[in-house]
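The sequence and structure come first.

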Amino acid sequence: MSQESVVATSASLSPSSMIGMLFKREFRSYFSTPLALVFIVIFLVMSGIFTFYLGNFYERNQADLMAFFSFHPWLYLFLVPAIAMRTWAEERRSGTLELLMTLPITIWQAVLAKFLAAWVLLGLSLVLTFPIWFTVNYLGEPDNGVIVAAYLGSWLMSGAFVAIGTCLSAATRSQVVAFILTIVICFVFVLAGFPMVLDAFSGWAPQWLIDAVAYMSLMAHFDAISKGLLDVRDVFFFVSFIAAWLIATAIVLDLKKAE
């Protein structure tokens, strides 16, 4: 749907319908170019390589998908910024952001619609990995409850990466800058709970600060869920994390609107 069509039909829509319309516009835009298909193909190919070669899927002789999910944080680290970098930077570069902001919608609705479009694309990519799930069920008797929890954890973590990326995309006109900054920030949150990071704080920082840094680790919360420990506190962490970055995105856009 073109920007002009959005303008023409937006006046009669409810807030939820407006979010739905913008979501469809954003989601379709991924498939109007080869971007979405290229992303999905790369995700599936890299998932297969990591699982069967680097993860030694067959040599492990274990009926689970740990070899598959253990590489997801590193896959997302480079692939998700490529999706998120265009969300707002492209609108600002092409000059359509000003037109979008003139529509009878709130910044919140626009932020949520763009985030959901990117997040659903990542969810679709995850769903298309079902042959790996079928393979492990064919070869053994895995705990499918653990696998479902791991898929949920992976999708939540990808949402956290998208939320970071959309915020940084809103802060710059350059997709390249948004891409690089997103990788750096996501890398920081992935490594936050690693011993080498926590050791850098020990000896001078108070324990509460060390605990706070460890708590912000995306990897730690994802590892817990991927092992089947579906603790509501881990789910709450990801939901709160995503919400915080979306709030930051709305604040950045509001500040940019005033420029």
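## Helices α5 and α10

In this predicted model, helix α5 (residues 72-84) and helix α10 (residues 144-170) cross at roughly 35°, and their axes come within 9 Å. The crossing is right-handed. On the α5 side the contacts are made by His72, Pro73, Tyr76, Leu77, Val80 and Ala84. They meet Ser154, Met157, Ser158, Phe161, Val162, Gly165, Thr166 and Ser169 in α10.

Ser158, which is placed in helix α10, has a relative accessible area of 0% and is therefore buried. Neighbours within four places in sequence aside, Ser158 is in contact with Tyr76, Val80, Trp119 and Leu122.

## Helices α8 and α15

Helix α8 (residues 107-127) packs against helix α15 (residues 232-257) at an angle of about 130°, with the axes 10 Å apart. That angle makes α8 oblique to α15. α8 passes α15 in a right-handed crossing.

From α8, the residues in contact are Ile107, Trp108, Val111, Leu112, Phe115 and Trp119. Their partners in α15 are Ile242, Leu246, Ile247, Thr249, Ala250, Leu253, Asp254 and Lys257.

## Helix α14

Helix α14 (residues 218-226) is largely enclosed by the rest of the structure, because 7 of its 9 residues are buried. The buried residues are Leu218, Met219, His221, Phe222, Ala224, Ile225 and Ser226. They pack against α4, α5, α10, α11 (175-191), α13 (207-215) and α15.

## Aromatic pairs and a cluster

The count of aromatic pairs comes to 21. One of them is Phe27 with Phe31: the ring centres lie 5.3 Å apart and the planes are at 55°, so the pair is tilted. Planes have to be over 60 degrees apart to count as edge-to-face. Both residues lie in helix α2 (residues 15-31), 4 residues apart, which is about one turn of the helix. Phe31 has 36% relative accessibility and so counts as partly exposed.

For Phe68 and Phe69 the centres are 4.7 Å apart and the planes are at 65°, so this pair is edge-to-face. Phe68 and Phe69 are both buried. Elsewhere, one aromatic cluster is formed by Phe189, Tyr215, Phe237, Phe238, Phe241 and Trp245.

Lys114 lies over the face of Trp88, at 4.9 Å from the ring centre.

Asn61 is found in the loop between α3 (35-54) and α4 (66-69). With a relative accessible area of 68%, Asn61 counts as exposed. Asn61 and Lys114 are 53 residues apart along the chain, and their C-alpha atoms are separated by 42 Å.

Technical notes. Residues are numbered from 1 along each chain as its sequence is written. This is a predicted model: local features need pLDDT of at least 70, side-chain atom pairs count only at pLDDT 80 or more; totals for chains, interfaces and linings use all residues. Side-chain values use heavy atoms; hydrogens and water are left out. Rings of Phe, Tyr and Trp (its six-membered ring) pair if their centres lie within 6.5 Å; planes under 30 degrees apart count as stacked, over 60 as edge-to-face and the rest as tilted. Helices (H or I, at least four residues) and strands (E, at least two) are DSSP runs, numbered from the N terminus. Buried means under 20% relative accessible area, exposed over 50%, partly exposed in between (1.4 Å probe, protein chains only). A charge sits over a ring if NZ of Lys or CZ of Arg is within 6 Å of the ring centre and within 35 degrees of the ring normal. Axes are lines fitted to C-alpha atoms, for helices over the stretch in contact, and angles run from 0 to 180 degrees between N-to-C directions. Angles under 35 degrees count as roughly parallel, over 145 as roughly antiparallel, 65 to 115 as roughly perpendicular and the rest as oblique. A crossing is left-handed if the near helix is turned anticlockwise from the far one by less than a right angle, and right-handed if clockwise. Contact means heavy atoms within 4.5 Å.
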